[in-house]
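Here is a short briefing on the model shown below.

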Amino acid sequence: MNSDLGSLLWGGLLETLYMVFWAALFAIAIGMVLGVSIVVTDKGHIYESPKIHKVLGTLINSVRSLPFIILVVILIPVARLILGSTLGPTPAILSLSIGAAPFLGRIIENALKEVDIGKIEAAQSVGASKWTIIFRVMLPEAFPALIRGITIGLIGIVEFTAIAGAIGAGGLGSLAIRYGYQRFREDILISTVLLIIVLVQVIQFTGDRMARSVDKRRNQLG
Amino acid sequence: MIKIKELYKTYKTKKHEFPALKNINLSIKRGDIFGVIGFSGAGKSTLVRCLNRLEEPDSGYIEIDGVPITELNDKGLQEARKKIGMVFQQFNLFDSKTVYGNVAFPLVAAKKSESFIRHRVEEVLGFVGLADKSGSYPAQLSGGQKQRVGIARALVNDPDVLLCDEATSALDPQTTYSILELLKEINERLDLTIVIITHELDVLQHACRNMAVMEDGEIVETGPVEKLLLQPESNTSRQFVKILEHYDRRRQEVEGGLGI
């Protein structure tokens, strides 16, 4: 019985980690493109373009205004088309990535907006190209804020995987629903909840530590 | 060296129009230390920011060292900017980079070789007196040291012109003095033309040879710095001189009172 519980939880945890990892990878990649684009197209920035800025903002807001569970339902046919299946962790990664990307886009936008325009002007004044400014000034200067933001994003993705579990994505959320809720297995319900809490704590702790170690603005002695 | 003709710039918002530069005509000689002085909102900062087009003028012509700045496209402007260094009031250093990384940035952006960069950065850091701070981060430096890094970063491309936008306004008087001494040394040893924007007559008097006085977006007076002190013509310069006289009188009073 105990080993049965153990292997169930272990399997669920692995599935969750698998989904979080890949969804985070895609969501961060898309979110980076969205976040950088929306910042540099803003008024007075290096690729000022009110049109693109507006379109991106509207796109992000539209996806974000959908409750995640609805988004998953909408994306079921898309998952079937691309992956040939709608059940299990792999198809869930599609909805998780698309659901989390606009969220990460906003987080990354906020981190990049914190970079003082004066630093960008300083880079312009020595003849740096726009790409150099993005990759060698904006991203490194925003790095601590990016890590803090992405940590929040990762935790959001953990939440999303638990929700996706409700409609057959697998992982810890699915265990909690199928065993804990539908079969009254309280031990499984509580264990999954505890595992998710631990997972979130680990992510937050690691994120905080990393952000602090790359932040050169203070606590630098010698 | 620097020629400005009929330069105009107006800031427009939906409701207001604010003319920041009105028909600016000015020429600055090679090797000069040229001061532009005026009260807040006179347009002096806009003027210097137009010289490397951090601010786009509405109309007019700017030429620096024979290069028609106002006629350049993006690529040409990038190239031209390598020869026009700029120093900022708030230093604008990169917090994530060391002193070395900050000074190396313009060369890295220009894709210079690593050995060239190392050699050049060390040379420039030595020149501004920060050879031992190469591995420090800006957060570990004093204001004066930060501005020295800012100057080193502006010099590393070996420019012909150095623009100083209120470069000493965030510094205490003693540090201001040492930064001005450094600028004078740069002017002499590197034969650099320097443009200093300031609202302090002290800075003008200490560092500059020629000057222009700005008032409401216009240049109201130009000439050698001594002229402003001896025969102030414009309202602004008379006010500046009045402030100076006030300080002198106060000093005499205080000295008299103390029996010195």
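What share of the contacts in chain B with a separation of 6 or more comes from residues 24 or more positions apart? In this predicted model, such residues account for 64% of those contacts.

**Fold of chain B**
- Chain B has nine helices and ten strands.
- The radius of gyration of chain B is 19 Å, close to the 18 Å that the globule rule gives for 260 residues, so chain B is as compact as a globular protein of that length.
- Along the principal axes, the C-alpha atoms of chain B fill a box of roughly 60 × 50 × 35 Å.
- Of the 260 residues in chain B, 43% are buried.

**Helix α6 of chain B**
- Helix α6(B) covers residues 173-190. At 1.5 Å a residue, its 18 residues should span 26 Å; the end C-alpha atoms are 25 Å apart, which agrees.
- Its buried residues are Thr176(B), Ile179(B), Leu180(B), Leu183(B) and Ile186(B).
- Seen down the axis of α6(B), these buried residues fall within an arc of 115 degrees, so they line one face of the helix.
- They pack against α5 (143-155), β7 (161-165), β8 (193-198) and α7 (201-207) of chain B.
- The face turned away from the buried side carries exposed residues, including Glu181(B), Glu185(B) and Arg189(B).
- After α6(B) comes Asp191(B), with a positive phi near 55 degrees.

**Contact between chains A and B**
- In chain A, 20 residues are in contact with 23 residues of chain B.
- On the chain A side, α5 (117-125) and α6 (130-164) are the elements that give two or more residues.
- The chain A residues on that side divide into six nonpolar, seven polar and seven charged.

Terms used:
Residues are numbered from 1 along each chain as its sequence is written. Chains are lettered from A and ligands numbered from 1 in the order in which they are written. This is a predicted model: local features need pLDDT of at least 70, side-chain atom pairs count only at pLDDT 80 or more; totals for chains, interfaces and linings use all residues. Two residues are in contact if their C-beta atoms, placed from the backbone, lie within 7 Å. Helices (H or I, at least four residues) and strands (E, at least two) are DSSP runs, numbered from the N terminus. Ala, Val, Leu, Ile, Met, Phe, Trp, Tyr, Cys and Pro count as nonpolar, Asp, Glu, Lys and Arg as charged, and the others, Gly among them, as polar. The radius of gyration is taken over C-alpha atoms; the globule rule is 2.2 Å times the number of residues to the power 0.38. A residue is buried if 20 or more other C-beta atoms lie within 10 Å of its own, exposed if 12 or fewer, and partly exposed in between; C-beta atoms are placed from the backbone. The expected span of a helix is 1.5 Å times one less than its number of residues. The arc is that of the directions from the helix axis to the C-beta atoms.
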